Amino acid sequence: MSQAAAPSDPVGPADPADPAALAGRGRPAAPAPPAAPVKVAVLGLGTVGGEVVRLLAESAGDLACRVGAPLELVGVAVKDPAARPRPAGLDRALLTDDAIGLAGRADVVVELIGGIEPARGAILAAFAAGASVVTANKALLAAHGPELYEAARRAGVDLYFEAAVAGAIPILRPLRESLAGDTVTRVLGIVNGTTNYVLDQMTSNGLDLAAAVRQAQKLGYAEADPSADVDGHDAAAKAAILASLAFHTRIPAAGVYRQGIGAVTAADVAAARATGHVIKLLAIVERRESRGVIARVHPALVPLAHPLAAVRGAFNAVYVEAEAAGELMFYGRGAGGLPTASAVVGDIVTVARHKVGGTLGPGESTYLSLPALPVAEALTRLQIRLVVRDEPGVLAAVAEVIAGHGVSIEAVRQTPGSHGAGLADLTVVTHQAAEGALQATVGALAGLDAVAQVAGAIRVEGE
Ligand code: HSE
């Protein structure tokens, strides 16, 4: 057996030219990396970009050892290079407003601009120049993923985007690589931290939706215009990416059914609590054998016993069901500069390693080409809250409408009306049925004479 190497001097000065000496002070010295640096360009210096630049500088020694070559920041593209403040220690000479020009002179381009253009153009320019790309841009991937994958394939470079879904949580690499030998059947996720925070505030502190959104804005979770989060656009883009990776098929954001949390009321939250549930905005993508994929984003009642019910505040979690692995749960911070930067820098290290080793990571895997099925085919359960006339035959009439749509009732609960004399609150929970039949049932119930109001109809998931 060979003798262990003597540990390096834990307190002696490190040679700043030697990344191995800077890395892991006090641990056994790692071999010095080859000299040729991997040139990194960062496009966008917002909350995430600032943290990425900081981590690249702070962890330079460790990252060089992990990559096998130093990472050299060759430029940072911003809208206005003269604007202040900038991250401490950032050499202002690296700033440029020419994102596309910068993308053409790096080995690894990190796109953190967001939105469609100029991000798309800059990424295509990077590929054309032979650079690998790391991006956190879920909207761009959901809208133009196939085009970007194809351009990366033609250029023989990597496209990595772990930070695009659920921030710091490693979920895309597990789907792309760790579960590549399994058959994923369903992914159920809380992938939007802002809406999870809002719903949690409504549940835990009794806030109404508007007050909870204002609170989320104050804390920096929600934008001044919160619609991308509140209306479910952000979650739908993430659902499209999850579905594409999980099911080896192309699912665009337009193929995802989307309903945000804008209509969730304090009464819905109270009713959920009364039946042992919490309301979560879920992204659900599921495979229907070889027929296709259903991808949907909507609020849902989740039983308190389900692991997703315990995801509080702005945290995210993704629950994966696979044929061989069974159930897996990934949990962590889905937003925020530093957590998201962790995923971005992890991707930078990976693609830089590939550059050094002359290899590539997995490209697009869409060999199944399954169609996106209409949400009407989704199987779900519904909790329907009705205000009904408290008269003989009303329960029978309600039951007849439900049965007439081929839907089976799991539970019925009537409580004395909070809506005035002669009225009662009736809550019906259905067994699993097709979404189309359930929505038709709700429509028919709304038209019954005995029904004064459909007070709420929320899907029940996770049971
Ligand atoms: N706005 C998103 C969220 C973070 O609240 O989860 C970025 O995707």
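The ligand takes up the space of the largest pocket in this predicted model. A pocket here is an open set of points on a 1 Å grid over the protein atoms alone, with protein on both sides within 12 Å along at least five of seven lines.

Residues are numbered from 1 along each chain as its sequence is written, and side-chain values use heavy atoms, with hydrogens and water left out.

Helix H8 (193-205) and helix H11 (233-247) are the elements that give two or more residues to the shell around the ligand. Helices are DSSP runs of H or I with at least four residues, strands are runs of E with at least two, and both are numbered from the N terminus. The shell consists of Lys138, Asn192, Gly193, Thr194, Asp229, Asp234, Lys238 and Ala335; a residue belongs to it if one of its heavy atoms lies within 4 Å of the ligand. Sorted by class, these are 1 nonpolar, 3 polar and 4 charged residues. In this scheme Ala, Val, Leu, Ile, Met, Phe, Trp, Tyr, Cys and Pro are nonpolar, Asp, Glu, Lys and Arg are charged, and the others, Gly among them, are polar.

Which protein atoms pair with oxygen atoms of the ligand?

| Residue | Atom on the protein side | Distance to a ligand oxygen |
|---|---|---|
| Glycine 193 | backbone N or O | 2.7 Å |
| Threonine 194 | side-chain N or O | 2.5 Å |
| Lysine 238 | polar side-chain atom | 2.7 Å |

On its own the ligand has 260 Å² of accessible area, and the protein covers 81% of that. Such areas come from the Shrake-Rupley method with a 1.4 Å probe.

Glutamine 217 is partly exposed, because its relative accessible area is 27%, between the limits of under 20% for buried and over 50% for exposed.

**The chain as a whole**

The chain has 15 helices and 17 strands, and its C-alpha trace spans about 85 × 55 × 45 Å along the principal axes. Of its 463 residues, 50% are buried.

**Backbone details in the loops**

Most residues other than glycine have a negative phi, and most peptide bonds are trans. A cis bond joins arginine 84 and proline 85, with omega about -5 degrees; proline 85 lies in the loop between strand S2 (71-77) and strand S3 (95-96). Glutamate 117 and proline 118 are also joined in cis, at an omega of about 10 degrees, and proline 118 sits between strand S4 (108-111) and helix H5 (119-128).

Where does glutamate 289 lie? Its place is the loop between strand S9 (277-288) and strand S10 (292-303). Glutamate 289 has a positive phi of about 45 degrees and is exposed, at 65% relative accessibility. Serine 369 likewise has a positive phi of about 45 degrees, in the loop between helix H13 (337-357) and strand S13 (379-389). With 55% relative accessibility, serine 369 is exposed.

Key
This is a predicted model: local features need pLDDT of at least 70, side-chain atom pairs count only at pLDDT 80 or more; totals for chains, interfaces and linings use all residues. A polar contact is a pair of N or O atoms within 3.5 Å; within protein, one must be able to donate a hydrogen and the other to accept it, and residues adjacent in sequence count only if both atoms are side-chain atoms. On a 1 Å grid over the protein atoms alone, a cavity is a set of points where a 1.4 Å probe fits but cannot get out, and a pocket is an open set with protein on both sides within 12 Å along at least five of seven lines; lining residues have an atom within 4 Å of a point. A molecule sits in a cavity or pocket if more than half of its atoms lie within 2 Å of its grid points. Buried means under 20% relative accessible area, exposed over 50%, partly exposed in between (1.4 Å probe, protein chains only).
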